[in-house]
Amino acid sequence: MSRHDGRTPLELRSLALSQSVLSRQDGSAKFSFGNLSVLASVTGPAEVRIRNELVDRAAFEINVLPLRGAVGTQTSFVSVRHEPTEPTSTTGPPSKSQETLLLSLLTPIILLSLHPRSLIQLTIQTLTSPTTAFSKQFSTDLSSTDLAASTSSSAPRGTGTGASEKAAMINAAMLALVDAAVECRGLVLAAAVAFVESEGEEVMVLDPTPREEDEASSTHLFAFSFGVGVGGVEGDCVGVDSVGSFSPESLFEAQDLAAEASRGIMAFVRRSIESRYGATPTAPKVEKVKAPDEMQVE
């Protein structure tokens, strides 16, 4: 199967990572899958409002800003506290779903107990995203039945945000926390997989584009944790978000492919951070120092 962007079915788009891109934040990172870019920033630990203060851990809040539209009408705050809080603004289901997903994945990995009575705030925004608005043929004849059929088939599914975009959000958020020196148990990285029909067969593709997600029978997002005690170098699956019709066998095949891709992303992140701080991937060799001869006392 040849994909429209020239990749093989099991190939990631080119990866890009930049950290400390915002000067007035405690930490920030921009992560990209090809021409899909997401920016994340972290503020804190900082002072928290009394109503949101927690005596045994830091309050953790997440903002997901829309790619298009007014910021003040589509942003919201999600807190670790499970008690109902006064909403600061209104938001739609896509933003709420993204915030809930990120909150469930990142809260267990952050050592919030080290910063009681404080606030850690994470803000995420998609900067660039491929579009499929002009990739499909359509008719301007209102009496045509094809128009109604195409309109119904192109309606957004699930949360309205693609699996690849969610994976980029998770990766950017995690690396922004690293840049802000927020203590964590490990790293959480994600990859997306989709099943697309090609020549009458279901083909599994890694890191699908929006065009492929529109044509997919199912899309899957997998998040893996890496670190001592939380997955090691192989990674443990800590989150799954699937949309569509699929079999259990297909889900496990997609998980294996996403696990391999996440290990590749982890290796890329390690190389990027090492090159930024001038660290060496392996410890330098130290020659064995010979002990001096014992002094001879006459």
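How many disulfides does the count come to? The count comes to 0 disulfides, where a disulfide is a pair of cysteine sulfur atoms within 2.5 Å. Welcome to the close-up views: this is a predicted model, in which local features need pLDDT of at least 70, side-chain atom pairs count only at pLDDT 80 or more, and totals for chains, interfaces and linings use all residues. Residues are numbered from 1 along each chain as its sequence is written, and side-chain values use heavy atoms, with hydrogens and water left out.

View 1. Of its 298 residues, 43% count as buried, meaning under 20% relative accessible area, while exposed means over 50% and partly exposed lies in between (1.4 Å probe, protein chains only). Cys 184, with a relative accessible area of 24%, is partly exposed, and Cys 237 is partly exposed at 31%. Contact means heavy atoms within 4.5 Å. Among contacts between residues at least 6 apart in sequence, 67% join residues at least 24 apart.

**View 2. Helix H4 beside helix H6.** Two packed helices are described by the angle between their axes and the distance between the axes. Here the axes of H4 (residues 163–179) and H6 (residues 248–277) come within 13 Å and cross at roughly 30 degrees. That makes H4 roughly parallel to H6. Axes are lines fitted to C-alpha atoms, for helices over the stretch in contact, and angles run from 0 to 180 degrees between N-to-C directions. Angles under 35 degrees count as roughly parallel, over 145 as roughly antiparallel, 65 to 115 as roughly perpendicular and the rest as oblique. On the H4 side, the contact is made by Asn 171, Leu 175, Val 178 and Asp 179, and on the H6 side by Ile 265, Val 269, Ile 273, Arg 276 and Tyr 277. These residues divide into 6 nonpolar, 1 polar and 2 charged. In that grouping, Ala, Val, Leu, Ile, Met, Phe, Trp, Tyr, Cys and Pro count as nonpolar, Asp, Glu, Lys and Arg as charged, and the others, Gly among them, as polar.

**View 3. Ser 262 in helix H6.** Look along H6 for Ser 262, a residue that counts as buried at 0% relative accessibility. Not counting residues up to four places away in sequence, Ser 262 touches Leu 189, Ala 190, Ala 191, Phe 224 and Phe 226.

View 4. Ala 40 sits in S3 (residues 36–46) and counts as buried, at 0% relative accessibility. Its C-alpha atom is separated by 5.3 Å from that of Ala 173, 133 residues apart along the chain. Beyond neighbours within four places in sequence, the contacts of Ala 40 include Gly 27, Leu 122, Ala 172 and Ala 176. Pro 45 is also found in strand S3, and a cis peptide bond with omega of about 5 degrees joins Gly 44 to Pro 45.

**View 5. Two loop residues with positive phi.** Most residues other than glycine have a negative phi, and most peptide bonds are trans. Ser 20 has a positive phi, near 60 degrees, and lies in the loop between strand S1 (15–19) and strand S2 (27–33). Ser 20 counts as partly exposed at 38% relative accessibility. Arg 117 also has a positive phi, near 55 degrees, and its place is in the loop between helix H2 (93–106) and strand S6 (119–128). At 47% relative accessibility, Arg 117 counts as partly exposed.

Technical notes:
Helix = DSSP H or I, 4+ residues; strand = E, 2+ residues; numbered from the N terminus.
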